[in-house]
Amino acid sequence: MRKSLMTAAVLLGVALLAAFASDGQALISLEKCTLCHGKPEFRKLLVNGAIRDVFVTGDSLKGSVHEKKVCTDCHFDVSEIPHRERPKRVTCTHCHFKGNKEGAPQSDNVLAYFESAHGKAIAAGNVKAPLCQDCHGDHQILKVKNAGSKVSRGKVAETCGRCHMEIYARFKTSIHGVALEKGIPEAPSCTGCHGEHRIYAHTDPKSTVYPTKVSEQCSKCHASVAIMSKYGIEAEQVATYKESFHGVANQFGSRTVANCSSCHGVHDIRPPEDPLSMVNARNIPATCGKASCHPGATANFAVGKIHVDPKKKEAGIIYWTATFFKYLTIGTMLALIVHIFLDMYGRTRRLRGEQGR
Amino acid sequence: MPEKDRKDPVTGHIEKEVENALTEGLPELPPEEAEALKEKVRRRVREEMAKEAARLAREQRTREKKRQDEEMGEKEEKFERFNRNFRFQHMVLFSSVILLVLTGMPLKFPDFVLSRFLIALWGGIQNSTIVHRIAAGMLIYFMVHHFIYTILTRDGRRDFLLMIPGLQDAKDIRKNIRNFLGKSPDKPSFGRFSYIEKFDYWAVYWGCVIMIGSGLFLWFETEVMRFLPKYAVDMAHEMHSDEALLATLAIVIWHFYNVHFNPDRFPGTLLWWHGQLTEHEMKEEHPLEYEEIMSRRGKESPEVADR
């Protein structure tokens with residue numbers, strides 16, 4: 001009895017000590033850093049006159065996924081205080097690798113990133129290209145599902161926009177940007193079309209927005225009746241495109257033929273009623289009449305439905321043409337095939353008759 | 001038995017040789033056994049020789065028959081059905097149609113297994129559309145050529161008039177179908193063009209008008225849409241696509257049956273190349289035309305004799 005009590009006490013003591021020790025270390029480390037970095041007026045004036053804010057307090061990591069970490073867990077190249085050189089940029093793969101002991105979540109996304117346009121730019125020595133922390137945030141990293149995260153659905157466009165400013169401005173006023181702002185759950189942000197870690201230049205065949213893949217990308221949402229019916233948008237646009245010459249040629253690998261974004265725009269997609277829309281009836285001559293497409297296009301390009309389905313009665317005269325040819329083909333071929341079979345039947349009869357004689 | 005007489009010296013010679021070989025080869029066997037063995041060998045040799053003789057005779061007969069047939073064929077009068085000009089038109093037409101189908105159908109059926117291959121054959125869609133337009137140019141040329149041929153040549157004018165369908169064709173169809181079904185023993189006797197050929201001709205006419213017309217709309221869509229709304233071009237697109245299918249099916253099923261796969265013709269005829277029909281074919285397929293030619297000759301020949 002006494003023995004077991006003793007063991008329990010010892011165990012408890014060891015556990016407490018360990019807890020204190022680690023807590024103490026963390027506090028010490030933080031305190032050491034915040035001695036300087038904790039002062040709001042502690043800034044660095046750069047050669048070009050810009051000011052770099054290096055203000056960090058004990059609360060900087062609070063609430064983030066790295067809440068339990070301390071400064072030197074990431075800034076591990078700081079070994080003396082005050083540090084003489086500017087610490088290197090943080091390398092997330094220090095912890096986030098397969099089989100790490102910290103238990104840091106790891107996926108192949110980091111490998112995909114190195115293949116992507118951003119990763120390649122980094123490898124090529126472009127210092128402005130983004131590393132993990134440029135999108136995911138530095139001290140306040142939150143899970144993607146958390147609305148406050150820099151890479152959450154609602155905020156990712158803004159994050160991308162820090163570098164891709166003009167595109168962001170165009171996107172923000174487009175129908176997708178507006179819908180995203182309104183909080184429509186299906187509205188796509190940058191990553192909806194471009195992918196997340198696997199972002200490639202649109203001229204790269206691997207890209208999700210490569211000319212021959214655009215329609216596939218748009219069809220993820222725009223071919224879904226479940227999604228489109230909610231907002232009163234037709235879901236057959238993708239199917240009619242694929243049956244059109246544009247769609248077929250695109251499928252056979254033509255990169256010059258129109259895909260969805262050639263006519264509807266890329267980041268500035270707007271509903272056709274919008275006078276700024278590329279597919280507004282008044283803008284269609286300009287849209288179709290691009291130098292590499294149909295130069296000299298007139299207003300007649302807008303007379304008649306563009307995404308027309310000849311199998312539907314709404315197509316009007318096109319439907320009637322298709323119907324006429326359908327019955328003409330069936331009727332003619334039926335008559336011809338019947339004649340062929342009768343001919344063969346007659347020949348067979350004659351042969352049998354001759355044999356009988 | 002002249003055959004036997006002719007062969008005897010050889011047979012005798014071989015038999016003597018066999019006999020000698022046998023006597024030389026079997027000295028130490030008892031005479032009865034040796035005799036039995038000899039008899040066996042003799043029989044076998046005779047059998048083989050008889051077989052060989054029969055084979056030679058068969059070959060000789062087939063050779064002679066073939067030669068006779070050829071002589072007959074050469075003697076049989078040939079009638080020129082299609083003149084050189086018309087054959088050339090047909091060659092332009094079918095070359096262009098084959099190219100048009102090969103480059104056009106993949107666009108109508110992009111998911112068909114061969115479509116990707118057929119487009120890749122030309123090095124991609126950019127090139128296959130150019131080939132399609134070249135072939136379209138050939139078809140347009142054919143159409144213009146045929147128009148001029150119809151108007152300016154005597155054969156063209158005569159054939160065009162004979163191509164016009166009439167009441168007789170309806171009667172022929174009825175008669176032919178009754179014959180197929182065994183309800184009447186007599187077959188319709190056709191003139192220069194049977195209703196089948198008339199159908200082919202007018203089908204090509206209709207097809208060319210629709211395909212060239214709608215094809216030009218699609219080729220020059222920007223120019224067309226200067227005057228017509230977009231739905232006119234969409235309509236042309238629909239017509240082009242649907243009529244293409246109808247024409248292809250009609251050619252592949254109907255025309256191919258009539259010129260390639262029907263038992264009289266299988267596996268095809270070289271009529272499109274030499275343009276000639278034999279007297280037998282003439283009597284069989286175009287009896288009225290044959291009679292007409294013969295009666296015309298009958299009228300002409302006295303004049304010839306008078307000269």
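**Exercise 1. Find the contacts of A:Asp268, leaving aside its neighbours within four places in sequence.**

Solution. Start with the rule: two residues are in contact if their C-beta atoms, placed from the backbone, lie within 7 Å. With those sequence neighbours set aside, A:Asp268 touches A:Arg170 and A:Ser174.

A:Asp268 sits in the loop that joins helix 14 (260-264) and helix 15 (284-288) of chain A. Helices here are DSSP runs of H or I with at least four residues, strands are runs of E with at least two, and both are numbered from the N terminus.

A word on the model before going on: it is predicted, so local features need pLDDT of at least 70 and side-chain atom pairs count only at pLDDT 80 or more, while totals for chains, interfaces and linings use all residues. Residues are numbered from 1 along each chain as its sequence is written, and chains are lettered from A and ligands numbered from 1 in the order in which they are written.

**Exercise 2. Is A:Asp268 buried or exposed?**

Solution. First, the cut-offs: a residue is buried if 20 or more other C-beta atoms (placed from the backbone) lie within 10 Å of its own, exposed if 12 or fewer, and partly exposed in between. Then apply the count: A:Asp268 is buried because it has 21 C-beta neighbours inside 10 Å.

For one more distance, take A:Glu158, 110 residues away from A:Asp268 along the chain. The C-alpha atoms of these two residues are 16 Å apart.

**Exercise 3. Describe how helix 7 and helix 8 of chain A pack.**

Solution. Two packed helices are described by the angle between their axes and the distance between the axes. Axes are lines fitted to C-alpha atoms, for helices over the stretch in contact, and angles run from 0 to 180 degrees between N-to-C directions.

Step one: helix 7 (residues 165-173) and helix 8 (residues 175-182) of chain A have axes 4 Å apart, at an angle of about 70 degrees. Step two: this makes helix 7 of chain A roughly perpendicular to helix 8 of chain A. The classes are roughly parallel under 35 degrees, roughly antiparallel over 145, roughly perpendicular from 65 to 115, and oblique for the rest.

Step three: A:Phe171, A:Lys172 and A:Thr173 of helix 7 meet A:His176, A:Gly177 and A:Val178 of helix 8. By class, this contact has two nonpolar, three polar and one charged residues. Ala, Val, Leu, Ile, Met, Phe, Trp, Tyr, Cys and Pro count as nonpolar, Asp, Glu, Lys and Arg as charged, and the others, Gly among them, as polar.

**Exercise 4. Work out how helix 3 of chain B crosses helix 10 of chain B.**

Solution. The axes of helix 3 (residues 84-108) and helix 10 of chain B are 11 Å apart, and the angle is about 125 degrees. That makes helix 3 of chain B oblique to helix 10 of chain B.

Now the hand: the crossing is left-handed. A crossing is left-handed if the near helix is turned anticlockwise from the far one by less than a right angle, and right-handed if clockwise.

Finally, the residues. Helix 3 of chain B brings B:Val97, B:Val101, B:Gly104, B:Met105 and B:Lys108, which meet B:Ser241, B:Ala244, B:Leu245, B:Thr248 and B:Ile251 of helix 10 of chain B. These divide into six nonpolar, three polar and one charged.

**Exercise 5. Which elements of chain B give two or more residues to the side that touches chain A?**

Solution. Begin with the totals: 33 residues of chain B are in contact with 35 residues of chain A. The elements that qualify are helix 5 (125-152), helix 7 (167-180) and helix 10 (230-261) of chain B. Helix 10 of chain B gives the largest share, 15 residues. This side of chain B has 21 nonpolar, six polar and six charged residues.

**Exercise 6. What is the radius of gyration of chain B, and how does it compare with the globule rule?**

Solution. Chain B has 13 helices and two strands. Its radius of gyration is 33 Å, well over the 19 Å that the globule rule gives for 307 residues, so chain B is more spread out than a compact globule. The radius is taken over C-alpha atoms, and the rule is 2.2 Å times the number of residues to the power 0.38.
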